[in-house]
Amino acid sequence: MNILTLLKKDHEVVQHLLAELHESSNKAIKTRRKLLETLKQELTLHEEIEETIFYPPLKHHSKTKDLILESYEEHHVVDLILAELDDLETNDERWKAKLSVLKENITHHIREEEKELFPKVKEVLNHDDLEKMGHEMQQKKASHGS
Ligand SMILES: [Fe+2]
Ligand SMILES: [Fe+2]
């Protein structure tokens, strides 16, 4: 399967989890922990797949290089906020504020990938490349049991 389709599916899962977290109440301590744990696993694997399979060849094309460099930095910021959120008690008064900032950062990054990067990817990589990467992504996911 085309890697762009698979990445978009991941993005949907992540956005759904963020929406659920956003709607959760201060008292739903277990729910928040569980959702956050799932989000962490999804994001970690997604970032790893992008950074090892998807981004490297795109860094070598002038049309995509700048967006790829920016994407690595955006992953880094998301990881930092996520780690901070993970360290906070889920009923801390800053929890929701930090989650909102995480959500904004992830939403911005996903939008940039889908609206700016993916169209350029279609110009620099051919269908076979995208299918091959999709296959690699599926293998990596299978080896992680998801
Ligand atoms: Fe990304
Ligand atoms: Fe992504």
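This report describes the metal sites, nonpolar cores and salt bridges of a predicted model.

## The iron ion (ligand 2)

Four protein donors surround the iron ion (ligand 2): His11 (NE2), His46 (NE2), Glu50 (OE) and Glu113 (OE). They lie 2.1 to 2.2 Å from the ion. Along the chain, these donors follow the spacing H-x34-H-x3-E-x62-E. Histidine 11 belongs to helix 1 and glutamate 113 to helix 4, so this pair links parts of the chain that are 102 residues apart. Histidine 11 has a relative accessibility of 2% and therefore counts as buried. Glutamate 113 is also buried, because its relative accessible area is 2%.

What is the arrangement of the four donor atoms around the iron ion (ligand 2)? It is irregular, because the angles run from 83 to 174 degrees. A tetrahedral site with four donors would need all angles between 85 and 135 degrees. For four tetrahedral donors, the ideal angle at a metal is 109.5 degrees.

## The iron ion (ligand 1)

The iron ion (ligand 1) is coordinated by Glu50 (OE), Tyr55 (OH), His75 (NE2), His109 (NE2) and Glu113 (OE). The distances are 2.0 to 2.6 Å. In sequence, the spacing of these donor residues is E-x4-Y-x19-H-x33-H-x3-E. Tyrosine 55 sits in helix 2 and histidine 75 in helix 3, and this pair links parts of the chain 20 residues apart. Tyrosine 55 counts as buried because its relative accessible area is 0%. Histidine 75 is buried too, with a relative accessible area of 2%.

How far apart are the iron ion (ligand 1) and the iron ion (ligand 2)? They lie 3.2 Å apart, and glutamate 50 bridges them.

## A histidine in helix 3

Histidine 76 is found in helix 3, which covers residues 62-87. Is histidine 76 buried, exposed or partly exposed? Its relative accessibility is 43%, so histidine 76 counts as partly exposed. The cut-offs explain this, because buried means under 20% and exposed means over 50%. Histidine 76 and leucine 102 are 26 residues apart along the chain, and their C-alpha atoms are separated by 12 Å.

## The nonpolar cores

The largest nonpolar core has 20 residues. Those that touch the most other members are Ile3, Leu4, Phe54, Leu58, Leu117, Val121 and Leu125. The elements giving two or more residues to this core are helix 1 (3-23), helix 2 (29-58), helix 3, helix 4 (95-124) and helix 5 (127-143). Helix 2 gives the most, with six residues.

Which residues does valine 121 contact, leaving aside its neighbours within four places in sequence? They are Leu4, Phe54, Leu58, Thr64 and Leu130. There is also a second, separate core of 18 residues, and its members include Val14, Leu39, Leu88 and Ile106.

## Salt bridges

Side chains of opposite charge can pair when their charged atoms come close. How many salt bridges does the structure hold? There are eight. One of them joins lysine 141 and aspartate 10, with the closest N and O atoms 2.6 Å apart. Lysine 141 is in helix 5 and aspartate 10 in helix 1, so the pair ties together parts that are 131 residues apart in sequence. Both lysine 141 and aspartate 10 are buried.

Lysine 63 and glutamate 123 also meet through their side chains in a salt bridge, at 2.7 Å from N to O. Lysine 63 lies in helix 3 and glutamate 123 in helix 4, so this pair ties together parts 60 residues apart in sequence. Lysine 63 counts as partly exposed because its relative accessible area is 47%. Glutamate 123, at 53% relative accessibility, counts as exposed. A further salt bridge forms between aspartate 92 and arginine 94, where the closest N and O atoms are 3.2 Å apart. Arginine 94 is partly exposed, with a relative accessible area of 47%. Finally, Arg33, Glu37, Lys40 and Asp86 are joined into one network by salt bridges that share partners.

Notes: Residues are numbered from 1 along each chain as its sequence is written. Chains are lettered from A and ligands numbered from 1 in the order in which they are written. This is a predicted model: local features need pLDDT of at least 70, side-chain atom pairs count only at pLDDT 80 or more; totals for chains, interfaces and linings use all residues. Side-chain values use heavy atoms; hydrogens and water are left out. Helices (H or I, at least four residues) and strands (E, at least two) are DSSP runs, numbered from the N terminus. Buried means under 20% relative accessible area, exposed over 50%, partly exposed in between (1.4 Å probe, protein chains only). A nonpolar core is a set of buried Ala, Val, Leu, Ile, Met, Phe, Trp, Tyr and Cys residues joined through side-chain atoms within 4.5 Å. Contact means heavy atoms within 4.5 Å. Donors are N, O and S atoms within 2.8 Å of the metal (3.2 Å for Na, K and Ca); water is not among the atoms, so sites may look incomplete. Four donors count as tetrahedral if all angles lie between 85 and 135 degrees; four count as square planar and six as octahedral if opposite donors are over 155 degrees apart and all others between 65 and 115; anything else is irregular. A salt bridge is a side-chain nitrogen of Lys or Arg within 4 Å of a carboxyl oxygen of Asp or Glu.
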